[in-house]
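Subject: Structure for you to look at

Hello,

Here is the structure for you to look through. My notes on it follow below.

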Amino acid sequence: MNDENHNARQTPTPGPAPASPATDVPPVETLRPVAYLEIKAAALLLFTLALIVGSGLYLLYARGAFEPTQTLVLTADDSEGVVVGMDMTFSGFPIGRVRRIELAETGNARIIVDVPRKDAHWLRESSVFTLVRGIVGGTNIRAYTGMLNDKLLPDGAVRPVLRGDATAEIPQLMASARELLSNLNALTAQDAALASSLTNVQALTERLNGPGGMLGVLMGNEADGKKIVATLDRTNALLARLDGMAARADKQVFGAEGSKEALVPEVRATVAQLNGLLADTRTSLKKVDAVLVEAQAIGANAREATTDLGALRAEVESNLRKVESLVNEINRKWPFARDTELKLP
Amino acid sequence: MISRLPGLSLPERVWNTARRWAVAWWRILYLGAVVLVLVLSPSSYGKGTRRALARHLYLDTAPVLLGFTVLAALISLVLTRIVVVTALSYGLSRYALEMVIRVLVLELIPLTAALFVAMRCTIPNGSQITRLRQTGRFDALRAHGSDPVRIELLPRVIAGVFACITLAALSCVVALVLAYLGVYGFNLAGLPSYTRMFGQVFTPSVTMVFALKTVFFSLAVALIPMAAGLYDTGDRTQPDSELGGLARMFAVLLMIEVASLMGNYY
């Protein structure tokens, strides 16, 4: 406050200040009256208060302060990436919020999740919880419920959380990649099998391009290659001879154009003769057929005659019987009839 | 600064500068403590001062409220649009809204509100205090047995703090609403997920840092220009104490911002 006294001594020097500081100095600002000042100020205060209180209430609501919740404890061997306030999702919808992370006495991480009662029915006894950490983005806690008919998850349930970690596989991947690279290195080294194979391939292609070519490569030396070539030549000659033989056989079988000496024309003539023979046979058979028809008619007549003969014979027999009876009658009646009666003495 | 002090050896000049610097900061701290005591004592809200307080409260806040809200809304719209479109092109749209809220509501708007109040209200009020002091109004008040700090300075400080907090609160609410509208459009479908995301951003520690930052911003903006106006530098070769006060105010704002960033992200 010493400075104030010092300043007060300084003040009269600048500006249009009045000469005597003891007199009432008019204020610098013009005190224009504000209509309904107190009401306006109170309204402004109330407005600010409402704004702050409303924001606070919205924040409390957003943080779930007014929602009845139940607790779920997830145990994990590693809580890396889990932060307080993060969501637990079910089918992509947030149904819980991590309230606290603590280290259990067994050395596991205990993730305490608040689940609002209205969403708790999604969690059942058989629900599975996973902790998934992506390469990009945050860690997610997800709940999966296969059987929605199962019993409800009780308050304070402790469940293990399964870890599906994309980054956890990176060391393994790196080890595999390193192994692969060392294999590649071994393959491509100066004295590696691949390099010697390539050298051999190069030698092979050189031999392929050289005299003897593929045959030389296949047979191993040039002499054998030449034998193959000679064999091919002889085969060609043989084929030419076979060709001539085939031509001759052809000529013998089919003959030249118009000649009758070949096999096929003779066969053809024989066939024509056979055709004529068959036609003659057919006419002979027709005649035999007619003879047989006539013989059949004769047979029929003979059968009829036989039938008539039977009747005739019966008639003759009856006539003979009549004649016999007549003769017997005459014999009996006739005086010249001999005494047939035996007279015993 | 040091070169402006002729006829003094280098150690004396360094000593003078250091002393002035220390005195200026001490005055700010001292005035802050005095104002805090006065704010907390019920006798400061007597019948006579209440009217002056109401007048300053109203006149410092109401005229700038609408203009600043419109400005904040415009900034919010533009920034939301930029962030959302950029995030969409990188396939990170689910982080866009969170980023908008963090950047706008947590960082930009309180600072902008504080600077706006400083430019519009508290720096002119500091000049008024200087003029009042220079015209002998303080001496007159003292002669009447009144405390000039309580009569003239306290209402202006309280009004500055109040304006700062009101502007920040209103602009934050407007920015939140506009960010929601900018992302989801005019429907209520995204409100549950927006609320959830809001709750996730404003963890208790972040909320506390945000509230403390806003309060300290408003205190710095309201107090430092007043301190610069109330006290002279005591050095005839340094007439530009207002500019010094301004520089100190910016330094304090910067320090508060850095401290809040460290509190939030370290």
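**Chain A**

In chain A, 7% of the 345 residues count as buried, meaning that 20 or more other C-beta atoms, placed from the backbone, lie within 10 Å of the residue's own. This is a predicted model, in which local features need pLDDT of at least 70 and side-chain atom pairs count only at pLDDT 80 or more, while totals for chains, interfaces and linings use all residues. Residues are numbered from 1 along each chain as its sequence is written, and chains are lettered from A and ligands numbered from 1 in the order in which they are written.

Chain A has seven helices and seven strands; these are DSSP runs, numbered from the N terminus, of H or I with at least four residues for helices and of E with at least two for strands. Their order along the sequence is α-α-β-β-β-β-β-β-β-α-α-α-α-α.

How many of the 71 residues of H7(A) are buried? The number is zero, so H7(A) lies largely in the open.

**Chain B**

A UniProt annotation from an unreviewed entry marks "transmembrane region" at several places in chain B, including residues 57-79 and 243-263; such annotations may be inferred rather than shown by experiment. Residues 57-79 of chain B are 100% helix, with end C-alpha atoms 31 Å apart. Residues 243-263 of chain B are also 100% helix, and their end C-alpha atoms lie 30 Å apart.

Regards

Definitions and conventions
Buried ≥ 20, exposed ≤ 12 C-beta atoms within 10 Å, placed from the backbone.
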